[in-house]
Amino acid sequence: MFVLDIALGSVTIPISEIFSGIFSEEKSNYTVIINEFRFPKALTAVFTGVALSLSGLLMQTYFRNALAGPFVLGISSGASLGVAIFVMAGSFIGFSIAALTSSLSIVVAAIIGSVLVLMLIVLFSTKLRDSVSLLIIGIMVAAFSSSIVAVIQFFTSAELLQSFIFWTMGSLSSVRGVALLIYFIIILIGVLGSLLLIKPLNAFLIGESEARTLGVNTNSFKWQIIFITALLSGVATAFCGPIAFIGIAIPHLARRMFNAYTHEKLIGYTIFSGVIFMLMSDIISQLPGSEKVIPINAVTSLLGAPVVIWVVLKSKKARSF
């Protein structure tokens, strides 16, 4: 899938040219397309698939809720709010359009928004006794942030509003060079942190009180899960925009496809499935043979929404309401 993602697009690149093009110093048309555009974009798809699918798995385990995802704590909405406030405030102060719409500025604004929402959620978590209440608070924070974004959009100029809307559609093509290295390092930290939590994650599968009985420090575990989830989903949203349904859908696909229910296997299978899903979505979004590109968020929603519907229909709890 990684090789196909590089090969397919508006210009089809022969498979034999891909491996030579990546390591070649010649400036042919193929090497420029591969090294400047498609190879970084394919790597971004891999990192994003890891980040969103793993953060979704952590949320579903912690909340013991089949429909929990990385955006349940309002991190994605916080990133959107950060970008919206930056664009709106910058336009009032008199920043240039180029400064407001540059990828670095948007990434910084998105990270700040994510961190602020995370701090708010952590503050609420100290006042709550159970994870379900924190889940509800996260949903309300996300709704509140989205409402503020909608108000800001109403007062924003058409040019800046268009740039913001493009960011909300999601894109894998703006992460290159040093930003790609930073993205990799943050994802690696999140993955290693998740692997260190395998035992308490397995204990949480049977319930929070049972995990506490087995010796899990639930307060410390809560902070670690929130931090890792915010780190993974926050950086993915900052670099690529809000990408929906991967965090909700992929952990369920991994459980069903590989019949894995403990985190020794489930973490690896979820990451693998998330990477395949993102690469496949990126291939579809490129519309091979066409010069047009579909927003990646639209593709992941089209593929992920049926999975979420299937989860709801299969849920015994959903049928009891």
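Asp282 is buried, with a relative accessible area of 3%, where buried means under 20% relative accessible area, exposed over 50%, and partly exposed in between (1.4 Å probe, protein chains only). Lys41 also counts as buried, at 12% relative accessibility. These two residues form a salt bridge, their closest N and O atoms being 2.9 Å apart; the term requires a side-chain nitrogen of Lys or Arg within 4 Å of a carboxyl oxygen of Asp or Glu. The pair links distant parts of the chain, 241 residues apart: Asp282 belongs to helix H14 (residues 263-285) and Lys41 to helix H3 (residues 29-63). Helices here are DSSP runs (H or I, at least four residues; strands are E, at least two), numbered from the N terminus.

The model is a predicted one, in which local features need pLDDT of at least 70 and side-chain atom pairs count only at pLDDT 80 or more, while totals for chains, interfaces and linings use all residues. Residues are numbered from 1 along each chain as its sequence is written, and side-chain values use heavy atoms, with hydrogens and water left out.

The structure holds 2 salt bridges. Besides the pair already described, Arg212 bridges to Glu208, with the closest N and O atoms 3.4 Å apart. Both residues lie in helix H11 (residues 208-213), 4 residues apart, about one turn of the helix. An α-helix has 3.6 residues a turn, so residues three or four places apart point the same way. Arg212 counts as partly exposed, at 44% relative accessibility.

Thr218, in helix H12, touches both partners of this bridge: its contacts are Phe204, Glu208 and Arg212, not counting residues up to four places away in sequence. Contact means heavy atoms within 4.5 Å. Thr218 itself is buried, at 7% relative accessibility.

Further along, Ile225 also sits in helix H12 (residues 218-240). Its relative accessible area is 0%, which makes Ile225 buried. Leaving aside neighbours within four places in sequence, Ile225 is in contact with Leu58, Met59, Tyr62, Leu197 and Leu201. Asn297, by comparison, is 72 residues from Ile225 in sequence and 25 Å from it in space, C-alpha to C-alpha.

Helix H9 (residues 178-195) has 18 residues and should span 26 Å at 1.5 Å a residue; its end C-alpha atoms are 26 Å apart, which agrees. The expected span is 1.5 Å times one less than the number of residues. In H9, the buried residues are Leu180, Tyr183, Ile186, Ile187, Gly190, Val191, Gly193 and Ser194. Seen down the helix axis, they fall within an arc of 160°, so they line one face of H9; the arc is taken over the directions from the axis to the C-beta atoms. Their cover includes H3, helix H10 (198-204), H12 and H14. On the face turned away from the buried side, H9 carries the exposed residues Val178 and Leu181.

Helix H2 (15-22) and H14 each supply at least two residues of the patch, and H14 gives the most, with 4.
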